[in-house]
Amino acid sequence: MVHLWFLWFLPLTLVPIILHLITLHRLRTVELSTFRFLMDSYIQQRRRVKLLEFLLMLLRTAFVALIILMLARPMTQSFHWLTGQGGREVALVIDAGAAMGLRSGGTTALERARSAAESLLNSLSPDDRVTVVVAADKPRTLLTRPASEKKPILEAIAGITPASGPANMAAALDEVFANRQRATRLACVVTQANQRAWEGLAGHPVTQRIGDDNRLVILDVGSTQPVTNLSMTGDPPRAGRSLVGLPVILKAVIAHTAGETPVNTALSVFLDNQQVSQTGISLQPGQKTTRTITVTPTKPGVIRGRFQLQDDAFAADNVYHFTLNVDPKLKVLVVTPAYPPPPAEPPDLFIRAALASPLEARTGATEERAIAQALDVSSVVYTTLTDAMLDAADVVLLSDVPLDATLGTRLRRFVDNGGGLFVLPGPAVDPVPYQTYLFDVGNTGPFDPRKPHNLAYLPPVGDPDRESLFQPFTAIDLSHPILAAFNEPGVEFFATARVFRWFPINVPTVSNNGEDRPRAAVLMRLPNRTPMLVDMPVGEGRMLVAGFAATPDWSSLPLKPEFVPMMLRSVAYLRRAPGLTSPPSVQPGEPAPIYITSRWSEARAEAIDPAGKSSPVALHRSGTQLVGAALTTEQPGDYLFRVQPNTPGAPDRVEQGWSVNLQVMPSDFAPLKQERLNDLLRPAKVVYLKGSPNDPVFAGELSRRSELWRTLIIAMFVVIGLEFALSTLKPDTRKPEESSGLDSRSRWASLFRLPWQVPVQKETPAGQAKNTWPRSLGSDKR
């Protein structure tokens with residue numbers, strides 16, 4: 001009963017009985033001259049009246065009872081898969097994928113799943129044993145309790161929250177049916193039934209293990225209304241550390257992943273929870289757009305940022321997190337030969353001018369000015385260079401520096417440990433020490449050009465006094481970061497620059513399937529294909545090797561406008577790798593690795609999640625580096641690695657920010673049709689229901705009961721029809737003599753006559769029409 005208290009009105013069924021008793025037919029005394037024909041007619045009429053009145057009383061009593069039952073709304077068991085004897089093993093699988101947070105009709109799919117699970121729990125036998133399994137990226141069994149202990153089961157279900165990725169329904173069902181139980185197992189899966197969660201069942205062996213003695217029920221609580229959703233992704237910042245005042249280019253990718261209508265929204269950019277920009281966006285269904293956003297950090301340290309869209313049906317994918325690891329200044333050390341006496345020009349004049357000139361220019365590129373503002377440039381003669389100076393530097397520029405074993409070993413160790421080195425030769429450079437101590441450590445023999453694995457300077461070529469030998473720059477790689485600023489259609493940069501004397505560069509190669517390929521990137525060449533600028537990774541650092549000098553004695557390039565942006569971008573590109581590195585962004589549940597420089601022999605590391613909870617990171621040595629990983633990355637947001645090096649000369653603490661971002665796909669919201677679901681689970685037999693707990697039909701099926709209101713209404717109409725028929729019965733038209741000759745069956749048929757059975761009139765011998773029906777015993781006519 002839905003409204004059990006209406007049964008208190010059942011005593012009203014006594015009203016027709018009381019009225020029947022009050023209005024019983026009383027006999028009246030009639031004075032007649034004769035008793036002829038009256039005895040037979042009295043007996044028949046008395047029986048008929050008593051039976052009719054009794055039947056009418058029953059029908060009126062039933063009518064009142066039916067009205068009370070309709071108001072009470074009785075229920076009956078109807079859903080056969082929940083019925084049966086107790087003692088079954090019931091597995092309640094709750095889909096906790098990220099898409100269960102999709103909101104429609106004012107509730108999320110997970111909220112509807114909780115309500116459906118509660119209704120299901122109320123329908124089970126107290127002897128059933130319930131196991132609650134959470135289907136996320138990895139299935140988790142929360143608890144196993146008898147169905148009678150509803151409180152802990154409902155508390156466990158209420159504590160389920162959407163995961164940051166799609167549910168693995170194949171693994172969840174495998175968890176349920178991995179071990180067969182003696183009792184019949186009933187598995188009820190409450191899900192949104194989206195494609196990405198269920199497609200993993202294709203060909204999975206769990207469908208063979210379900211068997212005929214188990215039953216699988218899918219309760220689809222997905223939205224029945226159209227849902228519109230935008231998802232936010234992005235390209236994380238380039239791995240490494242930014243600089244104060246140096247613009248960082250980011251990309252935000254917005255996709256229309258669900259819905260059939262256009263959407264207008266706003267994209268906001270936040271840095272440390274402060275909004276710095278906002279722009280409007282309009283998307284058509286299925287459209288994806290990319291917005292390039294430039295942010296400029298104004299302080300050093302870890303800056304937490306995010307792209308954010310306006311709220312929609314699925315708020316979890318409206319935010320993309322990123323972190324900027326910002327250093328205060330980029331320390332540049334220019335190493336030169338001994339300064340000549342005046343009026344000769346200092347050997348670092350043109351290098352320092354190129355790195356500082358944007359600060360003095362009133363107009364010019366904003367990016368060059370930002371890079372120049374972030375630089376801390378100092379010069380030192382090569383004979384006074386110390387290890388402490390190299391440890392403090394991010395980038396070292398060699399300008400016409402003679403090299404020996406001591407200096408070459410220091411510089412090579414600087415690059416191996418993550419530093420950036422830009423080599424610019426000149427008249428004081430001897431190719432052999434460079435090849436022996438800097439370029440090709442371990443090969444101390446004379447340079448052999450027939451060995452292509454060596455990076456080396458060849459003897460210098462050209463004559464500054466013979467203009468006919470001057471060479472232009474060709475084959476410029478405009479896709480490289482230091483030259484990308486010159487990639488403008490219709491503009492030919494470096495066209496007037498000439499090199500007067502140069503060192504040809506031998507580029508090392510590696511054999512791949514019988515073909516020798518360069519191990520270094522050649523960025524500039526001469527017309528005869530001689531490399532003039534080479535980029536090559538060395539150890540943990542990087543090295544740019546130029547064949548031209550940084551003075552106008554050997555080249556006109558230092559006098560050209562292109563020299564300034566090329567040097568600024570080269571310095572920014574070569575900056576020292578940080579002491580620790582990590583990917584700028586990972587997906588939920590994906591390990592986030594951390595790499596610690598070989599300069600630190602020992603270190604301790606910890607990972608801090610968005611809630612501020614710290615967890616230690618186990619480190620082990622891989623080659624020369626310390627390597628570890630943060631394993632707890634389920635929650636999207638901003639994370640932090642904190643490392644304490646236990647090495648003399650290292651900083652006390654180093655921090656590196658990174659992020660976890662949800663990767664949303666259109667299949668996360670695409671519904672899975674029942675036919676496809678049956679195909680995925682074949683040969684298992686599946687009971688599929690779709691609806692919400694607020695749907696009366698769905699709620700009735702979940703509660704294994706159905707209301708009897710249809711049956712009660714039909715019964716009421718039957719009662720009304722019978723009462724109408726009985727209340728309009730008329731007496732029989734036969735004479736007592738005629739009716740007395742009837743058999744018993746005919747006598748009972750003669751007791752009732754329907755309204756359309758018209759009395760028959762017969763002619764008397766005198767020729768007069770006379771009604772053969774005797775008058776009622778209660779007639780007033782005497």
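Helices (DSSP runs of H or I, at least four residues) and strands (DSSP runs of E, at least two residues) are numbered from the N terminus, and by this definition the protein chain holds 18 helices and 44 strands. The structure is a predicted model, in which local features need pLDDT of at least 70 and side-chain atom pairs count only at pLDDT 80 or more, while totals for chains, interfaces and linings use all residues. Residues are numbered from 1 along each chain as its sequence is written, and side-chain values use heavy atoms, with hydrogens and water left out.

Of the 782 residues of the protein chain, 44% count as buried, where buried means under 20% relative accessible area, exposed over 50% and partly exposed in between, with a 1.4 Å probe and protein chains only. Among contacts (heavy atoms within 4.5 Å) between residues at least 6 apart in sequence, 74% join residues at least 24 apart.

Six strands form an open sheet of mixed pairing, in the order E6-E5-E2-E7-E8-E41, two strands being counted as paired if DSSP finds at least two bridges between them. The edge strands, each of which pairs on one side only, are E6 (140-146) and E41 (686-690), and the twist averages 15° from one strand to the next; for such angles, axes are lines fitted to C-alpha atoms, for helices over the stretch in contact, and values run from 0 to 180 degrees between N-to-C directions. Within this sheet, strand E2 (residues 89-95) and strand E5 (residues 129-135) pair in the parallel sense over seven bridges, and Ala-91 has Thr-131 in E5 as its bridge partner. Helix H4 (residues 150-158) packs on the sheet, where it touches E2, E5 and E6, and its direction makes about 160° with that of E6. Helix H5 (residues 169-177) lies across E2, E5, E6, E7 (185-191) and E8 (215-220), and runs at about 160° to E7.

Several backbone details occur in loops. The peptide bond from Arg-682 to Pro-683 is cis, with omega near 15°, and Pro-683 lies in the loop between helix H14 (674-681) and E41. Asn-273, although not a glycine, has a positive phi of about 65°; this residue is placed in the loop between strand E12 (263-271) and strand E13 (274-283) and is exposed, with a relative accessible area of 59%. Asp-400, also not a glycine, has a positive phi of about 55° and is found in the loop between strand E19 (395-399) and helix H11 (405-416), but Asp-400 is buried, with a relative accessible area of 15%.
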